[in-house]
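Please consult the sequence and the structure shown here alongside the text.

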Amino acid sequence: MDGAHTEPHNFRTVDIQLVRLTGLNTESADEITEILDYHLRISEGLKGSLRLSISEAITNVIDHSGVKDYYICCWNYPSLKQIRLCIADLGVGIRSSLSKRIEYSYINDDHQAILKAIENGVSSRP
């Protein structure tokens, strides 16, 4: 997942170590969904929902973080029956974005910022 398509048979059975991607890379959502399906044998409906959710997370990085590079990690823990996925960026951040608005100047930490950002009417969408 270095920005180019990775062959699924080489990709499915291994963890995704920290990979840096640039720009809107929807192929990565497809590949991650294939990994999840390979390990968890999920239904087609859940597979489609996961693909959309992962694509939305990647799109949000590009649209809202102020950066074009982001990172993806995915680890499989078969003994725990868990797969952990992380999509991260080094963008402006929720706290910094909210602090530009005077009505949110009281926010002191990232936790408060996240709680405020998920309230109805605070983010860019109702």
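A salt bridge is taken to be a side-chain nitrogen of Lys or Arg within 4 Å of a carboxyl oxygen of Asp or Glu. By this criterion, a search of the whole structure finds seven salt bridges. The model is a predicted one, in which local features need pLDDT of at least 70 and side-chain atom pairs count only at pLDDT 80 or more, while totals for chains, interfaces and linings use all residues. Residues are numbered from 1 along each chain as its sequence is written, and side-chain values use heavy atoms, with hydrogens and water left out.

**Overall architecture**

- The protein chain contains five helices and three strands; helices (H or I, at least four residues) and strands (E, at least two) are DSSP runs, numbered from the N terminus.
- Along the sequence, these elements follow the pattern α-β-α-α-β-β-α-α.
- Of the contacts in the protein chain with a separation of 6 or more, 45% are between residues 24 or more positions apart, a contact being heavy atoms within 4.5 Å.

- Strand 2 (residues 69–77) pairs with strand 3 in the antiparallel sense over eight bridges, and Tyr71 stands opposite Ala88 in strand 3.

**Salt bridges**

- Lys47 and Glu34 meet through their side chains in a salt bridge of 3.1 Å, N to O. Because Lys47 lies in helix 3 and Glu34 in helix 2 (residues 26–40), this pair ties together parts that are 13 residues apart in sequence.
- Lys47 also meets Asp37 in a salt bridge, at 3.3 Å from N to O. This pair likewise links helix 3, which holds Lys47, to helix 2, which holds Asp37, 10 residues apart.
- Lys47 and Asp37 are both buried, where buried means under 20% relative accessible area, exposed over 50%, and partly exposed in between (1.4 Å probe, protein chains only). Lys47 has 9% relative accessibility, whereas Glu34, at 22%, counts as partly exposed.
- Glu103 and Arg101 form a salt bridge whose closest N and O atoms are 3.2 Å apart. Glu103 is partly exposed at 43% relative accessible area, as is Arg101 at 31%.
- Salt bridges with shared partners join Asp30, Glu34, Asp37, Lys47 and Arg51 into one network.

**Surface and burial**

- Buried residues make up 28% of the 126 residues in the protein chain.
- The protein chain exposes about 8200 Å², of which carbon and sulfur atoms supply 54%; accessible areas come from the Shrake-Rupley method with a 1.4 Å probe, and for residues only the protein chains shown count as cover.
- Ile94, Ile114, Leu115 and Ile118 form a nonpolar surface patch with about 390 Å² of accessible area together. Patches are made of residues with over 30% relative accessible area and no salt bridge, like charges being joined within 9 Å and nonpolar side chains (Val, Leu, Ile, Met, Phe, Trp, Tyr) within 5 Å.
- Within this patch, Ile118 is found in the segment after helix 5 (110–117) and counts as exposed at 65% relative accessibility.

How values were computed:
Pairing = 2+ DSSP bridges.
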